[in-house]
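The sequence and the structure come first.

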Amino acid sequence: MLWRNRTFLLLMTGEVVAGAGMWISIIANLQFMQSLIPSETVKALVLMCGLVVSILLSPKAGVIIDTYDKGKIMMLASLIRCLSPVFMFPALANDSLIWMIVSLIVMQCSAAFYFPTVQASLPAILSKDELLKANSIYLNISTLSRIGGTAIGGVLVVSMDLSMLYVCSIIAYAVLAVVTLFLRIPPITSRRMKEKVEFREVLTISRQDPALFVGLINNGLVTLFLGGVNLMILNLSTLQNEPQLMGWIYMAEGFSIFVGGLLAKRWIGNKNLMASSTLMLIFFGISQYGMSFASQKVMILASFAVFGFVVAFFFPVTATIFQKRLPEHQQGRFFSFKSMLDRSFFLIALGVTGVGLDLMGISGYLLCIGTLTILFGVGTYWYSKKHKLDVRAQDEAAA
């Protein structure tokens with residue numbers, strides 16, 4: 001039973017605490033930048049710095065994840081993450097963007113190891129038939145931590161100094177480091193003994209398997225939007241001159257992710273995961289059209305709720321596709337490769353979003369990206385049908 005799996009429960013417990021700490025830090029970082037940087041483009045450039053370093057680390061991280069003990073990797077990554085909010089104290093004391101950039105780099109270095117390791121660990125501790133449910137639960141847990149983190153951060157940011165928000169983050173990350181001490185993840189020893197682990201092996205597989213190829217494209221397109229969503233939410237809040245709107249948007253999106261996650265396993269059942277993931281892009285595009293009504297608060301909240309509901313289906317489905325199509329000994333490298341792509345798309349998204357908001361405004365930019373999302377959704381759905389791609393939650397159907 002999934003809920004009787006001790007390692008899975010520890011992973012989810014750590015995610016609740018650390019996720020809340022991360023979102024408190026994000027709220028604090030956005031507030032810190034808001035007082036120093038007027039340009040959306042410059043804000044995007046600052047946020048890019050950490051992503052560049054994590055992209056460079058990802059190939060090495062993937063090899064390390066597939067070679068060494070995953071529990072120890074997560075523990076070390078958690079300890080490194082504790083340093084990230086520490087560097088924000090000199091940033092606050094000196095109004096220094098340099099120290100903030102150092103903080104972001106440390107955070108992204110930790111993330112380059114931690115999150116791919118979690119994804120690669122699930123198939124090692126669970127049966128294949130439990131993966132879709134586990135990925136849905138993982139997304140729900142992440143969403144609960146986001147709701148809690150943004151709610152707490154939204155209250156704290158208006159009631160106390162930013163330094164106290166970073167203290168809360170340090171405490172959360174320290175708790176995560178303690179939790180990871182008790183993880184027991186089965187090692188993969190036979191593969192390590194037979195041959196050298198190389199990162200490029202997973203690149204070849206990703207190109208050869210159409211299901212992985214489509215999944216990466218769909219995931220990349222959604223990430224292209226998510227990479228700039230914090231800037232867009234900040235822009236919407238500023239446009240309506242309501243700082244609290246930022247918290248309401250995060251909560252509306254987070255609550256709908258939680259509700260959608262509870263329904264995902266039941267609604268998807270044993271349907272074709274490939275077809276489901278491509279059709280979801282169309283609903284992403286529709287929600288982005290709704291967000292373009294930037295002056296209407298109800299429309300904004302409703303659109304982010306729709307977006308969150310679709311996210312609850314999309315990411316567990318794509319994660320399950322990847323986990324079921326790949327052998328266990330390649331999962332660390334693949335999820336590091338995916339993480340590298342995600343961060344590359346985040347990097348592009350931050351720049352494109354910043355420039356797009358400055359040149360086109362929030363409404364024009366959302367209309368453009370919504371149209372792009374729908375076109376890609378139609379295109380990848382046609383490609384999946386043409387190549388008869390079929391992946392199910394309960395079996396090993398191949399393309």
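Asp342 and Lys338 both belong to helix α15, 4 residues apart, which is about one turn of the helix. The model is predicted. An α-helix has 3.6 residues a turn, so residues three or four places apart point the same way. The side chains of Asp342 and Lys338 meet in a salt bridge, with 3.0 Å from N to O. Both residues, Asp342 and Lys338, are buried.

The whole structure holds 3 salt bridges. One of them joins Asp66 to Arg333, with 2.7 Å between the closest N and O atoms. Asp66 is in helix α2 (residues 40–67) and Arg333 in helix α15, so the pair links parts of the chain 267 residues apart. Asp66 and Arg333 are both buried.

Arg325 and Asp209 form a salt bridge at 3.0 Å, N to O. Arg325 lies in helix α14 (residues 297–325) and Asp209 in the loop between α9 (200–208) and α10 (210–226), so this pair ties together parts 116 residues apart in sequence. Buried means under 20% relative accessible area; Arg325 is at 19% and Asp209 at 12%, so each counts as buried.

## Helix α11

Helix α11 (residues 229–239) is largely enclosed by the rest of the structure, because 9 of its 11 residues are buried. Among them are Leu231, Met232 and Ile233. The axes of α11 and α15 come within 10 Å and cross at roughly 40°, which makes α11 oblique to α15. Their crossing is right-handed.

## Surface patch

Val178, Leu181 and Phe182 form a nonpolar surface patch with about 270 Å² of accessible area together. Phe182, in the loop between α7 (162–180) and α8 (189–194), is partly exposed at 42% relative accessibility.

Definitions and conventions: Residues are numbered from 1 along each chain as its sequence is written. This is a predicted model: local features need pLDDT of at least 70, side-chain atom pairs count only at pLDDT 80 or more; totals for chains, interfaces and linings use all residues. Side-chain values use heavy atoms; hydrogens and water are left out. Patches are made of residues with over 30% relative accessible area and no salt bridge: like charges are joined within 9 Å, nonpolar side chains (Val, Leu, Ile, Met, Phe, Trp, Tyr) within 5 Å. Accessible areas come from the Shrake-Rupley method with a 1.4 Å probe; for residues, only the protein chains shown count as cover. A salt bridge is a side-chain nitrogen of Lys or Arg within 4 Å of a carboxyl oxygen of Asp or Glu. Helices (H or I, at least four residues) and strands (E, at least two) are DSSP runs, numbered from the N terminus. Buried means under 20% relative accessible area, exposed over 50%, partly exposed in between (1.4 Å probe, protein chains only). Axes are lines fitted to C-alpha atoms, for helices over the stretch in contact, and angles run from 0 to 180 degrees between N-to-C directions. Angles under 35 degrees count as roughly parallel, over 145 as roughly antiparallel, 65 to 115 as roughly perpendicular and the rest as oblique. A crossing is left-handed if the near helix is turned anticlockwise from the far one by less than a right angle, and right-handed if clockwise.
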